[in-house]
Amino acid sequence: MLIIGIAGGTGCGKTTVVNQIVTELPANEVRVISQDSYYNDLSHLSLEDRRKTNFDHPSSIDFKLLKTHLEELRKGKTITQPVYSFLECNRTPEVVLTEPTKVVIVEGILIMTDPEIRKMMDIKIFVHVDSDERLIRRIKRDVNERGWNLDETLENYQYTIKPMHSQFIEPTKEYADIIIPNNKHNTVAIDIVRTIINDKLV
């Protein structure tokens, strides 16, 4: 099984890059696992306290469970992947049965901060985009999709997201095998990754 890790700052467009990579690839041979599914279970906290959690710090992720699930998939076993709700800031009671495939793409802002997860990756990709553009995308997403107001989002960006990016996420760029600028000029990098995957699928 080929494991591809795709990281990058919040709002960098990782999902767009993932979609570009898997386009024209056999759907039954490629599985995408989001880091967001592995945020820690915060059921013991109120919604108000959950919203105060620093979700941009590596400690917010259940890397132990993610590692176990990746190991299970490599052994050819089906896993029960958690489902996360951004509105509730917590896992839901639901799970998703995820079967093993030849290629697994793991994406998320913090996935390359964990040495053991990093070691499991055959290809490590970092998606780079201008910080102002990332801020604009984050504001739109948090306000329109996740129930935050503008002031909350800006305060969160200034005091949590930006410093966490500088401390934990940006430094993981040094581990990347490929750095993809998320703009119209990224087609060569996307084609290279697709070629590697296609070779694995043969």
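Contact here means heavy atoms within 4.5 Å of each other. This is a predicted model, where local features need pLDDT of at least 70 and side-chain atom pairs count only at pLDDT 80 or more, while totals for chains, interfaces and linings use all residues. Residues are numbered from 1 along each chain as its sequence is written, and side-chain values use heavy atoms, with hydrogens and water left out.

**View 1. The whole chain.** Of the contacts with a separation of 6 or more, 75% join residues 24 or more positions apart. The chain has seven helices and seven strands; these are DSSP runs (helices H or I, at least four residues; strands E, at least two), numbered from the N terminus. Along its principal axes, the C-alpha trace spans about 50 × 40 × 30 Å.

**View 2. Val 32 and its partners.** Val 32 sits in strand β2, residues 30-34. Leaving out residues up to four places away in sequence, Val 32 touches Val 18, Val 22, Ile 105 and Glu 107. Glu 107 is 75 residues away in sequence, yet the C-alpha to C-alpha gap to Val 32 is 7.5 Å.

**View 3. Helix α5 against helix α6.** Here α5 (residues 131-145) packs on α6 (residues 150-169) at about 135 degrees, with axes 10 Å apart. The axes are lines fitted to C-alpha atoms over the stretch in contact, and angles run from 0 to 180 degrees between N-to-C directions. Residues making the contact include Leu 135 and Ile 139 of α5, plus Leu 154 and Tyr 157 of α6.
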